[in-house]
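Subject: Structure handover

Hello,

Please find the structure below, followed by notes on what was found in it.

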Amino acid sequence: MISGWIYEHIIEIFGAVTGIIYVFLEIRQNILLWPLGIITSAVYIYIFRTNGFYAGMVLQGYYLVISIYGWRAWRYRSQGGEHSSRSTGKEIKSQELKVSRINIKTSVICLGTAILLWIGLWYILDKWTDSPVPLWDGLITSLSVVATWMLTRKFIEQWYVWIVANAIAVIVYLASEMFPTAVLFFVYLVMAIIGVMSWSRDHHVMIRKK
């Protein structure tokens, strides 16, 4: 019985495992999180489509694109070597992208973006899809979109957004009987708490060194 359930949900289990590794690498600020994120997103496009979570499916497509952008942003900023500016021809030293705090202006823009996305997705999912939870699917997706962009900039506050999104997701996926995914998002929730403490500690160390 157990083996049959595992076989039936093997793709979802695989996605959950790669997703957990992804967050571990995120906490460690390891650039390999981005290629692994691409794999995880590809798997969950299929999973969410199968279960009617259309906003979640679109979100995974967004993750694919933002993972490529994030991979490039982290890699470029972390090379530490010198490169030549195309416009001036001068040698410019690349700087590692550091953990930082979000400013008020950017935080307001992120909040407004999340709210507008939520309203838009909620309306679309409710009117034109058979999503079982359009309100919550839209909310989880809107928060995740903003948090992922914040991750590409290494803002500490992205972890707080993930804590809220993951807590909601655990309840929603449990209610939808997507148990491996619910476990994944519970792990995400715990690791988001660990992540905010780890990144805050790194930020404080960096400030003291200045």
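Just after helix 7, E177 takes a positive phi of about 60°. Helices here are DSSP runs of H or I with at least four residues, strands are runs of E with at least two, and both are numbered from the N terminus.

The model is predicted, with local features needing pLDDT of at least 70 and side-chain atom pairs counting only at pLDDT 80 or more, while totals for chains, interfaces and linings use all residues. Residues are numbered from 1 along each chain as its sequence is written, and side-chain values use heavy atoms, with hydrogens and water left out.

The chain as a whole

The chain has 8 helices and 2 strands, and from the N terminus on the order is α-α-α-α-β-β-α-α-α-α. Of its 210 residues, 45% count as buried, meaning under 20% relative accessible area with a 1.4 Å probe and protein chains only. The chain exposes about 11900 Å², of which carbon and sulfur atoms supply 68%; these areas come from the Shrake-Rupley method with a 1.4 Å probe. Among contacts with a separation of 6 or more, 66% join residues 24 or more positions apart, a contact being heavy atoms within 4.5 Å.

Helix 7

Helix 7 (158-175) has 18 residues and reaches 26 Å from its first C-alpha to its last, close to the 26 Å expected at 1.5 Å a residue. That expected span is 1.5 Å times one less than the number of residues. Its buried residues include W159, V161, W162, A165, I168, A169 and V172. Q158 is also in helix 7, and Q158 counts as buried because its relative accessibility is 0%. Leaving aside residues up to four places away in sequence, Q158 touches E26, A147, M150, L151 and W199.

The cavity

The structure holds 1 cavity of 30 Å³ or more. On a 1 Å grid over the protein atoms alone, a cavity is a set of points where a 1.4 Å probe fits but cannot get out, whereas a pocket is an open set with protein on both sides within 12 Å along at least five of seven lines; lining residues have an atom within 4 Å of a point. Grid points are joined across faces, edges and corners, and a volume is the space filled by probe spheres set on the points.

The largest cavity holds about 360 Å³ of space. It is lined by 25 residues, and Y22, Q60, Y63, W162 and Y188 are the closest to its centre. Helices 2, 3, 4, 6, 7 and 8 each give two or more residues to this lining. The lining divides into 16 nonpolar, 8 polar and 1 charged. Here Ala, Val, Leu, Ile, Met, Phe, Trp, Tyr, Cys and Pro count as nonpolar, Asp, Glu, Lys and Arg as charged, and the others, Gly among them, as polar.

About 270 Å³ of space lies in the largest pocket. Of its 15 lining residues, E8, H9, E12, T50 and N51 are the closest to the centre. Helix 3 supplies the largest share of that lining, 4 residues, and the lining as a whole splits into 8 nonpolar, 4 polar and 3 charged.

The second largest pocket has about 200 Å³ of space. It is lined by 11 residues, with Q29, K98, V99, D202 and M206 nearest its centre. This lining is made up of 4 nonpolar, 2 polar and 5 charged residues.

Regards

Notes: Buried means under 20% relative accessible area, exposed over 50%, partly exposed in between (1.4 Å probe, protein chains only).
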